[in-house]
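Have a look at the model before you start.

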Amino acid sequence: MRITVLLPGMLREKAGGESRLDVEVAGQATLGGLLDALAERYPALERRLRDEQAGLRRYVNFYVDGEECRHRGGTATVLREDAEVQIIPSVAGG
C-alpha cells in the first residue's frame, strides 16, 4: 500500500532533503507501520518523530488526510491506500 508523507523544512534534512516521500507499507497499514517503514529508510528522522517507547513525540503533530491522528487512535490509526500523512512539529517562541 502506497502512502504519501509530507515533511516540513525542518525535517527534510533527516530525509535526504525530500519534502514528499512515497512509502510502501505491507498489509493493513497503520501510522505505526508507516513510521516503522520510515525508520528503516531514514533512521535520523525516526528520532525526531517517536520517543524511546515508540510513542509519538509529544510536540510533533501527525495529520492523516487532514485529521490529527491522536483523535483517531495514534499509532494504531488505520491508513487507506494513497493516504496523505503530514508531519508538523510544534514551534514555540515568543
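**Exercise 1.** Does Asp-22 count as buried, partly exposed or exposed, and at what relative accessibility?

*Solution.* Start with the cut-offs: buried is under 20% relative accessible area, exposed is over 50%, and partly exposed is in between (1.4 Å probe, protein chains only). Asp-22 comes out at 41%, so it counts as partly exposed.

Some housekeeping: this is a predicted model, where local features need pLDDT of at least 70, side-chain atom pairs count only at pLDDT 80 or more, and totals for chains, interfaces and linings use all residues. Residues are numbered from 1 along each chain as its sequence is written, and side-chain values use heavy atoms, with hydrogens and water left out.

**Exercise 2.** Find the salt-bridge partner of Asp-22.

*Solution.* Take the rule first: a side-chain nitrogen of Lys or Arg within 4 Å of a carboxyl oxygen of Asp or Glu. Asp-22 pairs with Arg-2, with the closest N and O atoms 2.9 Å apart. Asp-22 sits in strand β2 and Arg-2 in strand β1, 20 residues apart (strands are DSSP E runs of at least two residues, helices H or I runs of at least four, numbered from the N terminus). Next, widen the view: Arg-2, Asp-22 and Asp-82 are linked in a network of salt bridges.

**Exercise 3.** Which residues form salt bridges with Arg-50?

*Solution.* One is Asp-36, at 2.8 Å between the closest N and O atoms. Asp-36 is in helix α2 and Arg-50 in the loop between α3 and β3, so the pair ties together parts 14 residues apart in sequence. Glu-46 also bridges to Arg-50, at 3.2 Å between the closest N and O atoms. Finally, check accessibility: Arg-50 is buried at 6%, while Asp-36 is partly exposed at 41%.
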